[in-house]
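Me: I have just opened this structure and would like a friendly tour. Could we go through it in questions and answers?

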Amino acid sequence: MTELHTEKKTRLHLVIRDRILNMLIKSGCRRGDPLPSYRDMTDRFHVSLVTIQRAMDELIKDGIVRGWPGRGTFLDREVTQSGRRLTQVGLVINCARKTFFSSTYLMEIFQGVMLQCEELNVDTRLFSIKNEGTLTPRQIAESGVDGVLLLAVNHDAYIQELVQEFSPVVVLDHSTEKVATDFLVCDTQPAMDGIVAHLVKLGHRRMAFVANWTTDTIAGLQGLNPDIESPISIERRNAFMQAMCAAGLSDSASVYELPAAPLQTLTHVVDGWTKQAVRPTAIILNSAGDVGILDAEFAARGVRVPHDISLAAVAGTGSEGISGGKVVTYQRVHFIEMGRQAVSILSERCAELRPMSSKLWRIGADFIEGGTTGACRVPRDTGDM
């Protein structure tokens, strides 16, 4: 391995000691947090294992870190950098730029990010995992950004690595209790409760929810199976069942699994509905943008919306309210506010330590009543609604 030549070799370990200390400051580590392994740090700083050992010995001597045989090295004294200001945000997306700029909900979040950055006089830099590959903490640190927004990145091990070595990090449209950082998601339960209550009021008794699976981009880049049901979809599935239970309709609830593939796979939903002996009279989707696609799939089978089946969505943007000339019933999520709030949290975290545990921020929605959830004709073979 080639050593750095910017300093005399006899003092190189002191340079690396300062760089490790700077890494700890930027990551917002708390006392007791584990440090990367010595081997990982040799790769990060491009020096030998001996140099890393000598640099860590200095930090141990200063009482900043402590080594536990067989367990690793841990921060023993919190280190902070006061007065740090957010000047450039790194926005990391899990999809290709082309997909990003064609997605209505991602564009609303992006709009909120840009509006808040302009208000705070902060620059923005866009990174695409799909286009550029998995960005290491070192690459992000060297890019000059002061904080990172991860948008729809759902690989928990990667989030943990980034939070451990670079902070602040705020994650949008994903959450996990495994990582101590800030997460912003939709306020799912009230949104689902509103949709189910509306359908019940219209007379529906049998309903189904479409559970979306998604692609773990990072796992896919590593050659692993990238298909997972995201925590957001799992939360909405659970919220649906809870809302149906509260309405006394838990025995009349169905769930359709939507594979992690192009939305043409909504044909699976139509297939599942058609095969049921007792069919739901209403289907709730994750996204209002999917309603029009499912509507078309049903129409191709001679099934009319909303006469034969009603459709609604638990989340959507301001531009997704009309589908095929029909007004969609859905919860309009404040995605612009999500982007704005993420930048504000990031700015505040620049001068603070990261949270001691996962911190969840929920974004509300407005109920939009449409015609696609009107009372259905009850098919003769389905029994009561």
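Me: Which side chain makes a polar contact with the side chain of His174?
Reply: This is a predicted model, where local features need pLDDT of at least 70, side-chain atom pairs count only at pLDDT 80 or more, and totals for chains, interfaces and linings use all residues. Residues are numbered from 1 along each chain as its sequence is written, and side-chain values use heavy atoms, with hydrogens and water left out. A polar contact is a pair of N or O atoms within 3.5 Å; within protein, one must be able to donate a hydrogen and the other to accept it, and residues adjacent in sequence count only if both atoms are side-chain atoms. At 2.9 Å, the partner of His174 is Asp156.

Me: Where is the place of His174?
Reply: Helices (H or I, at least four residues) and strands (E, at least two) are DSSP runs, numbered from the N terminus. His174 sits in the loop between β6 (169-172) and β7 (182-186).

Me: Is His174 buried or exposed?
Reply: Buried means under 20% relative accessible area, exposed over 50%, and partly exposed in between (1.4 Å probe, protein chains only). The relative accessible area of His174 is 2%, so His174 is buried.

Me: And is Lys98 buried or exposed?
Reply: Lys98 belongs to helix α4 (residues 97-100). Its relative accessibility is 74%, so Lys98 counts as exposed.

Me: Which residues touch the most other members of the largest nonpolar core?
Reply: A nonpolar core is a set of buried Ala, Val, Leu, Ile, Met, Phe, Trp, Tyr and Cys residues joined through side-chain atoms within 4.5 Å. In soluble globular proteins, nonpolar side chains tend to be buried together. Here the largest core has 46 residues, and those touching the most other members are Leu149, Met192, Phe240 and Ile284.

Me: Which helix gives the most to this core?
Reply: The top contribution is 6 residues, and it comes from helix α14 (residues 335-349).

Me: How many residues are in the other core?
Reply: Another core lies apart from the largest one, with Leu266, Val270, Ile283 and Tyr330 among its members. Its size is 21 residues.

Me: Which residues of α9 meet α11?
Reply: Contact means heavy atoms within 4.5 Å. On the α11 side, the residues include Glu235, Arg236 and Phe240. On the α9 side, they are Thr188, Gln189, Met192, Asp193 and Val196.

Me: Are α9 and α11 roughly parallel or oblique to each other?
Reply: Axes are lines fitted to C-alpha atoms, for helices over the stretch in contact, and angles run from 0 to 180 degrees between N-to-C directions. Angles under 35 degrees count as roughly parallel, over 145 as roughly antiparallel, 65 to 115 as roughly perpendicular and the rest as oblique. Helix α9 (residues 188-201) and helix α11 (residues 231-246) pack at about 45°, with axes 9 Å apart. The two helices are therefore oblique.

Me: At what angle do α2 and α3 pack?
Reply: Helix α2 (residues 38-45) and helix α3 (residues 49-61) have axes 9 Å apart, at an angle of about 110°. That makes α2 roughly perpendicular to α3. The contact includes Tyr38 and Phe45 of α2, with Leu49 and Ile60 of α3.

Me: How many helices and strands does the protein chain have?
Reply: Of the 385 residues in the protein chain, 51% are buried. Its secondary structure comes to 14 helices and 17 strands.
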